[in-house]
Each structure stands twice: as structure tokens, then as C-alpha cells.
Amino acid sequence: MVIGSLFRIAVSALRAHRLRSGLTLLGIIIGVTSVMTIISALEGMAGAIEDDLSRLGPSTFIVQRIAIITSEEMYWEKIKRKPINFDAVELIEKSCDLCEKISPRAFQSSRIKYGDQSLRDIFVLGATYNYVDIVDFEVAQGRFQSYEDDLYRRPVVFIGDMIRETFFEGLDPIGKEIKVGANRYTVIGVAKKRGSMFGHSQDDFVIIPLSVFSKQFGFPRRGLSLVIKAKSVDVLDDAMDQVRMVLRAQRHVPFDAPDDFDIVTADSILDLLNSLTKIFRMGLVGISSISVVVGGIVVMNIMMVSVTERTREIGIRKSVGARRRHILTQFLFEALALTLSGGLVGIFLGYVIAEALVGMIDMQITPSALAIIAGLSISTGTGLIFGIYPALKAARMDPIKALSYE
Amino acid sequence: MPLIETKNLWKTYQMGTEEVHALRGVSITIEKGEYVAIMGPSGSGKSTLMNLIGCLDTPSQGEYFLNSRKVSQMNDDELANIRNREIGFVFQTFNLLPRATALHNVELPLIYNGSSAQTRREKALHALDRVDLGDRVTHKPSELSGGQRQRVAMARALVNDPSLLLADEPTGNLDSKTSIEIMKLLDALHHQGNTIIIVTHEKDIAQHAHRVLSILDGQIAEDIIVPDHQRNGVH
């Protein structure tokens, strides 16, 4: 009952000084907007990367000669490593009983042609028939390669949606012949569109059987990349250990030397990415928070002015029986009403701006609960922190001095 | 059982290094239903005494009982509670909230004791009726005359049915015609059974009361019962 009245008093005081309240609000709006924009944009990017990595599935890991490079020294160190060969695949298949599926693959960048049209720098992936079962991508049209395609080295190709769009818009691509490098391939299927990330299309690939790939391009210089699916998420770590043991033995790694190959999971990539960008992200949020602090100081300043201006009002209220906490609450509500309404506008604006920014690099964001909670708590916190001192000053006034204040 | 009983009240202010004794041992007793004027020149300590009686301040020494409750050692919030329930103030400068309507100004004391919106409105309207301002409830102070403003302040003082009406120079800012009108209203309120204390330096005003306490240099100089035939105002 009292609280409701105090809240109405606070709001009507703010209404009485519309311009002043509006300008004060502006400080908070700018502050919260900048924090919100940064948080939303960062969240959006993290979400997009996470989505992309989740294609691997939780029980899948990748073994490669080099998977992660975070420094120049690391590059020069890892570049000396031996490639992973077909013997390794055979050994793992034999010795890793926790591995459900192993799909070796190799990459090459090449030109592809259809009729007189051509595309340069297309990602050519040599893979086995079970690749489609391990990596989560959907077949939109036709089929993926079969065991026999690989076994009999059939020149068949499975294409990304960007290739279909460029070469076969309005046509049925199945059965058409395209040239990958110098050789001819028959299109057997099309992958579902994956869209783009950070402005790069993720659909500019073709997949051919690994046997055919080796025949055409030779054994890949960088070695094979193994995509391995463990029998379940629970045995993922054990399966990774089994693979590690096999590879270390095959590659004669001394017992006290580190692995001379990389094993990564979707989670480990995500963790690494997060830890690498952590300082950067915290820095961004930190810098944008400065404007909230500035906004908070503006609120505090205005509240100090307001308390001084209304000394007599405080005296009147006290003389008719307002307690300290009544006065405290009234002025705290004023500060909170300012920062919270500024915060709400800031959350909205921040989201709109982040949407526009992220839209420029072909990603979408959804308003995340984290960003909204952060925005609300930032504005509430600002109101409380910067509003408490003026409110205490008001609450502690001596009624006699306040009443005689001119 | 007296309404007000003070025992040897002292109030000392520290002015730099010097101690100023605004009150030097004031002991008074005021019964329920009395109409008392506190008189004295400026600097005599009458405002200090009024602040103590009105529970706006606490004494440096001595005891003060209001309705048998010892208020001289209460803290800020307890005093606020007493002011809210027991005391109605009428000030020389009216002390109304300038942006609030007459009705809202009168409702003010009720906000702080948690009365419902409906009770507040009913009581405030009733109080405004008692001061003949039933037709001015939505006016703001700036839209009212000085006398009307003081009557709004009196309605505010009455709204909680206090034990004591404390008027500090209630006619100080009013012309003589309006002053008479306000004093008539105070006389009528006394007639209805309210206990009233007026602080004033004007003899005319003081002579509306039944008892005049003269204060000089922080002490009670005289305590006189005014005979009926010497009193001003209607009876």
C-alpha cells in the first residue's frame, strides 16, 4: 500500500521534469544500448559457431596431423609432423573397439566446370561412404556415395547447394556431368543448404569418393583427416585414448613426448575458441560498460539536484510522519524508474542495432535471455548504486532544517 | 492524566566552540482540550519549544511525555510515527506541496500510515469539508488564496484526528481580515474538542487562547489563564 503510493509519487516527480528526466534517461539508454549491442552480437556469433560445430555431434572427434594452431611457434613445430596414412586407419579400425565408425577424408582446392561455366577454389573433399552418417548434414536431393562407389572408384560427386545454384538453377542436377579438376564426374546428390557464416558461403564444396580422390590428386600431402564416432558419448574419452595409443605406437612417439597429431572434439574447439576470445569479449563488454557508469553518474547528479531542490518537500513529508525508509524508497524509486525505463529502451535498441550489425555478416541472432537479464540487472544495479547516496541524503535530513530551507 | 508533560527540558546547540542554550529547564503541563498560546520575542526559544512539543526534535536534557508516552528518547522513526498519529502541524508558510492538489496535500499524512486509497480520499474530503473547502479539492496551492492555503494546511493537520493541533504563527503570512477568519476556524476547532497550541509573538492572536505561556531566554516567564472577558474571538 505504502510502496505503491511511494512509487506513484516518484513517477509523478519524474513527469514534472520531463526534459530533465528525458536527458537523464538518454545517458542510461546510450549506456545500456552499447552493452546490449556488444552482448547480443557476441552471443549471436558464438551461437552461429556453436551451431556449425554441433554438426559434428557430441560423440565424434577428429584426428588430424594439425588441427589447431594458436601461435607462430606452434605452426613451425607442428609443420614437421608426419601425415596420417591409410595404415593408421586400418590399425584404428582393428584396435579401437570403442570406435563405431571411422571416416578418413582428404581435402583439395580445385576448379570445377559445368559446360562453359566454371568455379574456382572449390573445396573438394574426398570421403568414404559413412561420412554422411558421422557428420550431420542432410541430403536434399539424390543420394550420398555408397560403399561400392568408393570400392569401384566410380567418378561420382555429391555437391553443395551453392554449386547447384550456380550451375543448375532451375534444372535437375542429378545425372549431369561436371568436371572436378581435369576429370569428369556424375552428380549423384545435393546437400541441404547450410547458409553462410561471417560472410562465407558454407555450400561451396563437392564430395567425391576417397579412392577416386587419391587416384586423381595422389595421396594428400597433409595426410588424412579422420572423423571418428565413438560408440557413445560416455566412452568418448576412452575411445580417444585408444586412438591415441594406436597412433603413438604406429608413429613411434617416445613415451615422454607429446602427441605428434591433434585430436579435437566440437566441445574442445568451442572451449578453445571461447578461451581465445575471452579477453577480447570481456574487453568489449568492459569498454561499453563505461558508458553505463557515465549514465549512472548522470543519474546520481540529477538525483542530488532533485534532493536539494526538494529539501522543503522532504521536510513537509517528514513533518506529517514520513519515516526515513519512506523518503529513501521514494527517491530510490525515482532513480530506479529512470534507469529501468532507460534500460528497457536500451535493451530494445541494443537488440535492433546488434541485429543490423550481425545481419551484415550473414548471421541471425535471437534476443537471448542472457542479454535481457544482463540489461535489466545492469540498469537496476546502476539505479541502486547511483541512487542510494542521494536517497540516503534525503532520508537523513533533519526535518526542522528541511522545513526552513529556502 | 495530562496530554503534555515536560520535565526540565533543556536544548543546547553547539555554535562553533560556543554552547547556546535555547531552552533552560522548561517544565509545563497541558491538559487535553486546552487552548494554549506560547508567546515570546524572537530568540526567546519558543520555536525550539514548539519543535520539541511537535516531536520534530529531541531535548538535550529532560523528559517529555505525550499521552503518557515518553517521547524524549525516541528515535527518528518512532518520532515520525508520533507526528503522523498524534500531531497536526499548521505552519506560517503553509508548507503545502506546490504541485499537488488540495486533496492530495490533505491525503499526505495518510499515505505514511498505509491507509487505503479509498479511506484516504474519504478522510481527506471530510477534512476539507470541515475547513469549508469542499469545493476546492482539485485546486493546486497556486490557484488558492493565502487564507485558503492555510485552510488546506489545517485540513491536512486534522485529517488523522491528532491529539494535538500545533500552529506556528498561523497568521504570520496573512492579512488581518484573513487572519481573523483563520483564528475563527481555530476557535471553532477548539470548541469541537481539539487541543490547540499556537506559537505567536502577536498579543491579539495569543488572546484567542485560554492560557498564555510567555517564554523569555529559554525559560517560562509567565503562565496566565486568560479570563473569558479578555479573550478575543467568538464563543
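Reply: First, a term: a residue is buried if 20 or more other C-beta atoms, placed from the backbone, lie within 10 Å of its own, exposed if 12 or fewer, and partly exposed in between. Strands (E, at least two residues) and helices (H or I, at least four) are DSSP runs, numbered from the N terminus. This is a predicted model, where local features need pLDDT of at least 70, side-chain atom pairs count only at pLDDT 80 or more, and totals for chains, interfaces and linings use all residues. Residues are numbered from 1 along each chain as its sequence is written, while chains are lettered from A and ligands numbered from 1 in the order in which they are written.

Now the strand: β4 of chain B, residues 35-39. Five of its five residues are buried, so β4(B) is largely enclosed by the rest of the structure. Y35(B), A37(B) and M39(B) point one way. V36(B) and I38(B) point the other way.

Next, the partners. Two strands pair if DSSP finds at least two bridges between them. β4(B) runs parallel to strand β9 (residues 195-200) of chain B, and five bridges join them. β4(B) also pairs with strand β10 (residues 211-216) of chain B. That pairing is parallel too, over four bridges.

M39(B) shows both pairings. In β9(B), T200(B) stands opposite M39(B). In β10(B), the residue opposite M39(B) is S214(B).
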